Amino acid sequence: DPIQSLNPLPDLDEQVRGALARLDPTEDAHWTKSGKPDLNAISEMLGRRVTRVKVNELMPDLTRPNFGD
């Protein structure tokens, strides 16, 4: 489809990376008690369910204490 090739939607990996980049380390709702990205917050940002497996695949070391390092 030529129209889609001109304006492709970002794939799921890109969308999840973008959502992870928008997490706020000062916002408790963005993180679990153990400091991992909160799946509900990410899923809300994207309007679709995201799994822990996908988050860990893309950014396995991302935690609240090391966000932005």
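**Entry 1: Ser-43**

The model is a predicted one. I then looked up where Ser-43 sits, and found it in helix α3, which covers residues 39-46. Leaving aside residues up to four places away in sequence, I listed Arg-48, Arg-49 and Val-50 as the residues that Ser-43 touches.

**Entry 2: Leu-58**

Next I turned to Leu-58, which belongs to helix α4, residues 52-58. Its relative accessibility is 14%, so Leu-58 also counts as buried. Which residues does Leu-58 touch, if those up to four places away in sequence are not counted? I found Asp-13, Val-16 and Arg-17.

**Entry 3: the core**

I then looked up the largest nonpolar core and noted 11 residues in it. Leu-58 is one of them, and Val-16, which Leu-58 touches, is another member. Among the others are Trp-31, Ile-42, Leu-46 and Val-50. Which elements give two or more residues to this core? I noted α2 (12-21), α3 and α4. Of these, α2 gives the most, with three residues.

**Entry 4: Leu-46**

Last, I took Leu-46, a member of that core. With residues up to four places away in sequence not counted, Leu-46 touches Gln-15, Val-16, Ala-19 and Arg-22. I noted that Val-16 and Ala-19 are listed in the core too.

Key:
Residues numbered from 1 in each chain as written. Predicted model: local features only at pLDDT ≥ 70, side-chain atom pairs only at ≥ 80, totals over all residues. Heavy atoms only, no water. Helix = DSSP H or I, 4+ residues; strand = E, 2+ residues; numbered from the N terminus. Contact = heavy atoms within 4.5 Å. Buried < 20%, exposed > 50% of the residue type's maximum accessible area, 1.4 Å probe, protein only. Core = buried A, V, L, I, M, F, W, Y, C linked by side-chain atoms within 4.5 Å.
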